[in-house]
Amino acid sequence: MQTRKKYIFLTFLASWLLLFFFGREQLRRFAFFPRRNVAARRSWPRWADRALLHSFAEPRELQGSGDTTQPSPRARRAAPLSTSQGSRCRMESCFDASRCQNGFKVFTYPREHGEPMSESYSKILASIERSRYYTPRPEEACLFVLSIDTLDRDPLSAHYIRSVEQRIRSFPLWNSGRNHLIFNLYAGTWPNYTEELGFDIGHAMLAKASFHSKNFRPGFDVSIPLFPKEHPQRGGQSGWLHHNSVPPKKKYLLVFKGKRYLTGIGSGTRNALHHIHNGRDIVSLTTCRHGKDWERHKDTRCDQDNVDYEKFDYQELLHNSTFCIVPRGRRLGSFRFLEALQAACIPVLLSDGWELPFSEAIDWGKAAVVGSERLLLQIPSAVRCIRPERVLAFQQQTQFLWDAYFSSVDKIVHTTLEIIRDRLLPHRSRSRILWNALPGGLLALPDFSTHLGDFPFYYLQHGSSPSDKFTALLWAAPPLGSLSQPTLKLIQAVSRSQYCAQILVLWSCEKPPPPSGTWPQIAVPLTIIQGRTKLSDRFFPYTAIGTDAVLSLDEHTSLSTSEVDFAFVVWRSFPERIVGFSAWSHFWDPEQKRWGYTSRWTNKLSIVLTTAAFYHRYYHSLFTEYLPAGLRELVDSLTACEDILMNLLVAAVTKLPPIKVTQWKQHKEAASQPVKDTAAGSTRRFSQQQDCLNQLVDWFGSMPLVSSQLRLDPVLFKDQVSVLRKKYRYLEKP
């Protein structure tokens, strides 16, 4: 009995203790448990002793727990957008898509006389005004760009424009910023460098460098790279990775050379870079020698850092390093980002919170290593673990991204506009595959297709092949309006090809085409298209073209059925290139300092005449929709300029030369002299073609043509064997 009482007592005591320790809040409901001052507990801590946190805070800051006059760092970063009307803007709420029903056109405000403007902003406006997006009529515009230079919004800068808000509010088209795009490279000022622009952007979109992800409005703003004022307007230098640059391992594994900030924002990351320097395969050099009062703030490391800094050349480090550290500076972005991309030095980003350029479209995980500023010491071991084949893939992707989107101001601006254009038509927008694979999103027009298999570049990746038929497009402009005998023979020869689906005759003569009874009777459909006298009409994307392959012909061309069959078989193996018969080669004339071309028989070629050539029908869409109207007008005004422009366009897209196939000797001679002309006329035409080539190269920004020494012949061509063993025996007809 005593034992039972003992167990009962112990059980009761244990239950009471458990309830006391773990159910204290419930016990407080009873009157015999006094209530504590909950308000006092919630206001903890109230440290007033200065000795506790002497170097971190003032007593009034610690006591004032309810004081909201001092914003947090996050609140300070968000201040520029939270004070504007468009802090929560999205395309659905702050963009009037009804203005874009007639096409994506961009209007730039007229420039006021004497308006100060930086070189970089002049390039941005020029990129828009010379592009296919531009319209001089605001009523046609879908998007508006200010003529006020908003690139540098640092009040301490010489390029800072004052009273921007008052001026833009006076513009009749401003409409609280709706359908406006504002470009900015530098925001904020010393010491915090917040993203404050100094004016209310309203409902406008921002195309901004050094964008913090907390201020970035996804699907509305566009993050752009920070580029210097020397950045080329168009074209730009090519990347530094060449075909013979493998293996990918270089002299240095990881490098950095740049400024070290002794105080202020951005100093923490750069001050720590010396910890990973080993002087062998990791070179991390900083200097304090910058700014007006660097000597007043220099620390014990400055003198030695400045000595080590001069021992290495920056360009030599870029050329000979596998990875390049790209730390944040005063702002999140850095010029080193584009420098590393061009040099095929894989960027190692140390800029927490940076919204990477064009992140909506570009997969940076394939071209850069995104690190953390807090984990700097882990970077060397992390990059050492990347396998060589992965390193090479990273380097190749840096070169593609540099060339496709960053090598010129034109490409940066056009990428920005195309990203916005994709948002307006999401059902016809480019996939990330198109943005991140050759030739890039700018050259994959969504109006043509959004399906990979419809483009000439992705057959291998897509596991498909182009269609097994072709459409012949014959450009006919007889001066007398009647068919010549060579033209009739050409139509008959092409129609006998086993791969011919149809023949389209583009009648570019003021006189009406001959009646149907005068055309030859052939086994494939023959369609007459009434065109204009413009040469650029040859490359219009006619809806009647239903095959992937187009055989472009001229009325003076002479071809046999065997030549057509063989050329088409070759083209199916190279659907992204021009495959044809007559070829030219280009050269640089050092005396006249201009480009020239020659039609003489040499061992090199870079142009295949489209008077007898196969190519993909997509290039008709690129020619008409991608190129600005001014280039097509140039083609229409100069003789044989359309051949040169089409070759330049395809070479710029593919970075590959055309392919020449074999042909009869008599056809070679006929092709070079299609029309009898006087010596003076030939000289004038040749001079026009030279001028055309140089004007087109100026528009592209560089010479895109690629030379080749390749000519493809059939198997056993001209071999001393029986003709019965040869598939294309008629190619050797004497």
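## Basis of the description

The model is predicted, and local features need pLDDT of at least 70, side-chain atom pairs count only at pLDDT 80 or more, while totals for chains, interfaces and linings use all residues. Residues are numbered from 1 along each chain as its sequence is written, and side-chain values use heavy atoms, with hydrogens and water left out.

## Overall composition

The protein contains 25 helices and 23 strands. Both are DSSP runs numbered from the N terminus, with helices (H or I) having at least four residues and strands (E) at least two. The protein has 734 residues, of which 51% count as buried. Buried means under 20% relative accessible area, exposed means over 50%, and partly exposed lies in between (1.4 Å probe, protein chains only).

Among the contacts (heavy atoms within 4.5 Å) with a separation of 6 or more, 74% are between residues 24 or more positions apart.

## Nonpolar cores

A nonpolar core is a set of buried Ala, Val, Leu, Ile, Met, Phe, Trp, Tyr and Cys residues joined through side-chain atoms within 4.5 Å. The largest core has 86 residues, and those with the most contacts inside it include Leu-143, Leu-181, Phe-183 and Trp-364. Apart from this core lies another, of 58 residues, among them Leu-506, Ile-578, Tyr-597 and Tyr-615.

When neighbours within four places in sequence are left aside, the contacts of Phe-183 include Tyr-121, Ile-124, Val-145, Ala-207 and Thr-416.

Two strands pair if DSSP finds at least two bridges between them. Strand 2 (residues 143-145) is joined to strand 4 by 2 bridges in the parallel sense, and Val-145 stands opposite Leu-181 in strand 4.

## Other strand pairings

Of the 8 residues of strand 8 (residues 252-259), 7 are buried. Strand 8 runs parallel to strand 9 (residues 282-287), with 6 bridges between them, and Lys-259 stands opposite Thr-287 in strand 9. Strand 8 also pairs with strand 10 in the parallel sense over 3 bridges, where Tyr-252 stands opposite Ser-321.

A further open sheet has 3 strands in the order 19-18-20, with antiparallel pairing. Strand 19 (594-598) and strand 20 (607-608) stand at the edges with a single partner strand each, so one side of each has no neighbour in the sheet. Strand 18 (residues 583-589) and strand 20 are joined by 2 bridges, and Ala-583 has Val-608 as its bridge partner in strand 20.

## Helix 15

Helix 15 (residues 388-406) has 19 residues and reaches 26 Å from its first C-alpha to its last, close to the 27 Å expected at 1.5 Å a residue. The expected span is 1.5 Å times one less than the number of residues.

The buried residues of helix 15 include Val-391, Phe-394, Phe-400, Leu-401, Trp-402 and Tyr-405. Elements against which the buried residues pack include strand 10 (321-327), helix 13 (336-342) and helix 16 (409-424).

Most residues other than glycine have a negative phi, and most peptide bonds are trans. Asn-175, which is not a glycine, has a positive phi of about 50°, and Asn-179 has a positive phi near 65°. Asn-179 lies in the loop between helix 8 and strand 4 and counts as buried because its relative accessibility is 2%. A cis peptide bond, with omega about 0°, joins Leu-438 and Pro-439.

Arg-234 lies in the loop between strand 7 and strand 8 and, at 24% relative accessibility, counts as partly exposed. The C-alpha atoms of Arg-234 and Asp-410 are separated by 5.4 Å, although the two are 176 residues apart along the chain.
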